[in-house]
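Please read the points below with the structure open beside you.

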Amino acid sequence: MTATLPNRLPRTAARRTVLDGAGVPLSALLALPDDVPPRATVVALHGAGMSGGYFDGSAHPDASLLGLGARLGYAVLAVDRPGYGDSAPVLPRGCDRQEQSALLRAALAEFAATHETGAGMFLLGHSYGGMLALTAAADGLASGGTASGVPLLGVDVSGCGRRLAVDPVPPEGSLRRTARHWGPLRCYPPDTFRSSQTLVGPVPERERGDAGAWADLFPGVAARVRVPVRLTFAAHEAWWRQDDAELAQLASAFTDAPRVLVERQPQAGHNISLGWAARAYHLRALAFAEDCLRPADPPSSSRRTGPADPPSPTQRTGRDMP
């Protein structure tokens, strides 16, 4: 039976903008709430070989994070990461993850100086963009937590774990690579693959090896993140290990984060934000952002996922275990 979304939402217009990343132009899509200041600003970071348009529902408007976020009162900024979009001619070989973090932080500081950002910024990253979101949080957006005086509220990551479940990336365009990126075709609206052609591009040379090195780098990055973190794995995720022991170790690495959630998204492939599950995932991500807007619980009553207070596996992953 084919999935349907009967009450199609109107598409909220997103406008193109260009950020200044320390002299490097970073193109982006920006959606704003109508006639009110934003509650906060969601900064969305795409995966390898994609673009910021990944978050704007190319095949179905209900899949658009930009539209949904704006309707719920958030500014949503979907950035073309360094090496993509307008920065590609300037950075023909791209940048590694650490360099991307520095350029992104500079661009967000410039954005915060010229736009209303509400209560702060909330980073949402998919796949490689998840690695970048965590790195940017660890590198300075969260240690005192500001970009140009704007607090970092939290980090939401999908399609990015700690250790790869597969061998190094197979050749571009191979059937194995397509299956890993997408999962079952039934997880996506009709026309997804045709309409997504405008979103897909080559992976810059200098970021290609970062995923393979991530397992060794992840513990040091995670230990320096000091804001709430939520990580989501698609039910049909093929890139990353997600057995129960792996997810427990993944969560426990965030030793200074006040709250860590690890969840699974049913009926979804790796590219969650292009699939039928996009709206459900985006609603959960924005609900997490909403939680991050509220003051933290007093230390005596706070709960967190970590080695000092280990929850049960069900609590840790947000699902019933087999």
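**Notes on the model**

1. A search through the whole structure, which is a predicted model, finds 0 disulfides. A disulfide is a covalent bond between the sulfur atoms of two cysteines. As for individual cysteines, Cys95 counts as buried because its relative accessibility is 5%, and Cys292 is buried as well, with a relative accessible area of 12%; the cut-off for calling a residue buried is under 20%.

2. Which residues of H2 are buried? They are Arg97, Gln100, Ser101, Leu103, Leu104, Ala107, Leu108, Phe111 and Ala112. When you look at this list, keep in mind that an α-helix has 3.6 residues a turn, so residues three or four places apart point the same way.

3. The structure holds 5 aromatic pairs. In one of them, the ring centres of Tyr54 and Phe55 are 4.9 Å apart and the planes stand at 90°, so this pair is edge-to-face; both Tyr54 and Phe55 are buried.

4. The rings of Phe122 and Phe288 also make an edge-to-face pair, because their planes are at 65°, with the centres 6.0 Å apart. Phe122 belongs to strand E5 (residues 121-126) and Phe288 to helix H8 (residues 278-293), so the pair ties together parts that are 166 residues apart in sequence. Both Phe122 and Phe288 are buried. Elsewhere, Trp214, Phe218 and Phe254 form one aromatic cluster.

5. Strand E8 (residues 229-234) pairs with strand E9 in the parallel sense, over 6 bridges, and one place to look for this pairing is Val229, whose bridge partner in E9 is Val260. Together with helix H7 (residues 244-252), strands E8 and E9 make a right-handed β-α-β unit.

6. Why can strand E9 (residues 260-265) be described as largely enclosed by the rest of the structure? The reason is that 5 of its 6 residues are buried. In a regular strand the side chains alternate between the two faces of the sheet.

Terms used. Residues are numbered from 1 along each chain as its sequence is written. This is a predicted model: local features need pLDDT of at least 70, side-chain atom pairs count only at pLDDT 80 or more; totals for chains, interfaces and linings use all residues. Side-chain values use heavy atoms; hydrogens and water are left out. Buried means under 20% relative accessible area, exposed over 50%, partly exposed in between (1.4 Å probe, protein chains only). Helices (H or I, at least four residues) and strands (E, at least two) are DSSP runs, numbered from the N terminus. A disulfide is a pair of cysteine sulfur atoms within 2.5 Å. Rings of Phe, Tyr and Trp (its six-membered ring) pair if their centres lie within 6.5 Å; planes under 30 degrees apart count as stacked, over 60 as edge-to-face and the rest as tilted. Two strands pair if DSSP finds at least two bridges between them. A crossover is right-handed if, with the strands pointing away from the viewer, the path from the first strand over the helix to the second runs clockwise.
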